[in-house]
Amino acid sequence: MTRIDDTPPAWDERTQLTTFLDYARDTARAKCDGVSAENARKALLPGSPLMTMSGLINHLRWVEYYWFQVVLLGEEDRAPMTDEDPDREMRIAVDVPLTQLLDEYAEQSARYREFVAGNELDMRAAGTIRDGLRVDLRWILLHLTEETARHNGHLDILREMLDGTTGG
């Protein structure tokens, strides 16, 4: 498994924040290197029947969409999740090839990377989160790094259970 280094090329705040988010994104993709289409759809944890490698990658994609498009920019939420099926992005991912999910995630990440480069970290969200709080772009980058890193742990476990691959 290969991935980028987490050492930023410069020490300003923006570069550090974006380097760590990219590192977490690349780690998620690296965890999927060489996983077969069949294995990508396997749910191995008895208490988490929707947790598959495909489901986690699709979840990460839609989490970023939500925070950038819906919360930050205030756009209408077009994510597949609904009140009736809040985990739908995990459920439908098994019907999409992992390679496609990874490509879509990479393309979306590139668009958001460009967006972040062109906006101030102090940019306030158009939408609110709990208690009417309007977060800024900086907070969203930190939150996405935390969310992605947490799910990388899940990808680690699934990958080891699938084929014994560890590390990376």
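This report covers a cavity, a helix pair and a salt bridge in a predicted model.

## Basis

Local features need pLDDT of at least 70, side-chain atom pairs count only at pLDDT 80 or more, and totals for chains, interfaces and linings use all residues. Residues are numbered from 1 along each chain as its sequence is written, and side-chain values use heavy atoms, without hydrogens and water.

## Cavity

The structure holds 1 cavity of 30 Å³ or more (a set of points on a 1 Å grid over the protein atoms alone, where a 1.4 Å probe fits but cannot get out). The largest cavity has a volume of about 40 Å³, taken as the space filled by probe spheres set on the points.

Its lining (residues with an atom within 4 Å of a point) is Thr-18, Leu-21, Asp-22, Arg-25, Phe-68, Tyr-112, Arg-113, Val-116 and Leu-141. Two or more residues come from each of α1 (13-31) and α5 (98-117); helices are DSSP runs (H or I, at least four residues). α1 gives the most, with 4 residues. The lining divides into 5 nonpolar, 1 polar and 3 charged residues.

## Helix pair

The axes of α1 and α5 come within 11 Å and cross at roughly 180°. Axes are lines fitted to C-alpha atoms over the stretch in contact, with angles from 0 to 180 degrees between N-to-C directions. The two helices are therefore roughly antiparallel (over 145 degrees).

Contact (heavy atoms within 4.5 Å) involves residues of α1 including Arg-14, Thr-18 and Asp-22, and residues of α5 including Leu-102, Tyr-112 and Arg-113. The contact residues divide into 7 nonpolar, 2 polar and 5 charged.

## Salt bridge

The whole structure has 14 salt bridges (a side-chain nitrogen of Lys or Arg within 4 Å of a carboxyl oxygen of Asp or Glu). Arg-113 pairs with Asp-22 in one of them, the closest N and O atoms being 3.0 Å apart. Arg-113 lies in α5 and Asp-22 in α1, so the pair ties together parts 91 residues apart in sequence.

Note on methods
On a 1 Å grid over the protein atoms alone, a cavity is a set of points where a 1.4 Å probe fits but cannot get out, and a pocket is an open set with protein on both sides within 12 Å along at least five of seven lines; lining residues have an atom within 4 Å of a point. Ala, Val, Leu, Ile, Met, Phe, Trp, Tyr, Cys and Pro count as nonpolar, Asp, Glu, Lys and Arg as charged, and the others, Gly among them, as polar. Angles under 35 degrees count as roughly parallel, over 145 as roughly antiparallel, 65 to 115 as roughly perpendicular and the rest as oblique.
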